[in-house]
Amino acid sequence: MSASSRDLPPSEGIAGFSANISDRGLHRLAAGTLLVAFHGTTAPDWVLRALENGLGGVTLFGFNVADSAQLTALTGQLTGAGRPVISLDEEGGDVTRLAYHTGSPYPGNAALGAVDDVELTEGVYHSIASELVRCGVNLDMGPVADVNTADDNPVIGTRSFGASPDLVARHTVAAVRGLQSLGVAACVKHFPGHGATRQDSHLEIPVVDASPELLRERELVPFRAAIEAGTKSIMTAHVSVPWLTGAAPATLSPSALTRLLREEMAYDGVVVTDALDMHAITKSVGLGGGAVMSLRAGSDLLCLGPLPTPDQIQAMLAEIVTAVSDGRLPAARLEEANERVERLRRWFSAPRQDAGEGNVIGLDAARRAVSLTGSAAPLVDPLVIEVDTPPTIAVGDVPWGFAPWLPEAEVVRVKPEEADGATLLGRASGRSLVIVVKDAHRHPRTRSFVSDLVATRPDAVVVEMGLPVWRPQAAAYIATYGAARPNAQAAAELLTA
């Protein structure tokens, strides 16, 4: 603790943690379990003061990142105030924070799973790690280890390596190795598995209705492999598995986090919660209640999104301290969580190979993943219709599309419920027509709109930039397995070959 932090007034909110100076140690332990978020591209004073007083770390989002130089300056600010865990979601593909304003230079997991070359996956994640190291980030909230068995899963989709447990397991291991080879901790997610859900845990508590045997044969296979590969952290899922957790989400379940993950699966690394300000927690037990229950269940770092205010975070800390005082939460549980996080910090500081300039292999991976069914005629004055898809909360509003890669084309973005198909077909008369969709199988209006266009123009090319589940009867169908920049470029190259 610095001299400046010792001199802080005890009622300084989250920075002071406590109105009772004798409770400072307990409040410091409670603060050590938090990963907070904030708005802006510089660290606010309350975060810097909190780090001086033991705050576990921060989680960064796209709105915290302008470019690599700014991010490096921001992480320098944070490390100057303490020894924080600095985390963000950099999955490549659709979920990116480093390239939130431009789109990721790497294809996501679905594309890597489609190629099924573990050396390629390890290389992509090694390259991601090199960028994170240069920017001062030490924990990547990835890879996604969910086995995506529900085609209409609203939150996982292309973030998963695929629907086969063995495929997902071997690529999860490759991703962990790629990240951790440069000293960036992997955070394998979402335990015990989010791939069989049809609800979004940002909005409600999804249910994984799997028997014990099925869960062990499907969902848990990649997590076991990641544990054997030495993953430094695992993220919980706000999902209910009735036989295991009852109606509660796994994030709050001792049966999931202690009996299954710690005891049966012998995992002793850091357990990080998914964001506690998601509705699955706040609309059921509240932020403070969720924090206490999750720590008691076995988590070590409580991740917060950008919604809680400093006052709400202070109230959450106070509830943790009260829970220790009244016996609901053993103080030993806080000590254990802090010890695990301290082990992680020591691992961060171990000597590593130089990160170098990174190995930019994203385009190569996207080219190997993209597939063409049918025959695409040479483009003639093309009209490209991009059918807009509402972004998920996990992805955010990340740029996507063909405009950078087909500069000679007319590119229009339409909403299927508002678009005038007849007018668009008139504009496409005598021209090549390319129709671009994302996860059309999940959006009935998109399927209806595209089907009407293709009925009149069977020579059209349909490009699916999500999962290739629904395939209309078009002359050519291109599957990219993601909507990142290299996915679009690889598809454009097929169209102009």
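Okay, some ground rules. What you see is a predicted model, where local features need pLDDT of at least 70, side-chain atom pairs count only at pLDDT 80 or more, and totals for chains, interfaces and linings use all residues. Residues are numbered from 1 along each chain as its sequence is written, and side-chain values use heavy atoms, with hydrogens and water left out.

Let's start with α14, residues 310–325. Its 16 residues should span 22 Å at 1.5 Å a residue, and the end C-alpha atoms sit 23 Å apart, which agrees; the expected span is 1.5 Å times one less than the number of residues.

So which residues of α14 are buried? They are Ile313, Met316, Leu317, Ile320, Val321, Ala323 and Val324. They are on the same side of α14, because they cover an arc of only 160 degrees around the axis, taking directions from the helix axis to the C-beta atoms. By buried I mean under 20% relative accessible area, with exposed over 50% and partly exposed in between (1.4 Å probe, protein chains only). On the face turned away from the buried side you'll find exposed Asp311 and Ser325. Covering the buried residues are, among others, α2, α3, α13 and α15, plus β1 and β8. After α14 comes Gly327, with a positive phi near 90 degrees.

Next, the pair α7 (165–180) and α9 (220–228). Their axes come within 8 Å and cross at roughly 25 degrees, with axes fitted to C-alpha atoms over the stretch in contact and angles running from 0 to 180 degrees between N-to-C directions. That makes them roughly parallel, since the label applies to angles under 35 degrees. The contact (heavy atoms within 4.5 Å) includes Val168 and Thr172 of α7 and Val221 and Ala225 of α9.

Now the loops. Leu55 lies between α3 and β2 and is buried, at 3% relative accessible area. Beyond four places in sequence, its contacts include Ala31, Leu34, Val47 and Arg345. Pro84 is 29 residues away in sequence but 7.3 Å away in space, C-alpha to C-alpha.

Last one: His441, in the loop between β12 and α18. At 14% relative accessibility, His441 counts as buried. Among the residues His441 touches, again skipping those up to four places away, are Asp151, Arg447 and Trp470.

Methods:
Helix = DSSP H or I, 4+ residues; strand = E, 2+ residues; numbered from the N terminus. Parallel < 35°, antiparallel > 145°, perpendicular 65-115°, else oblique.
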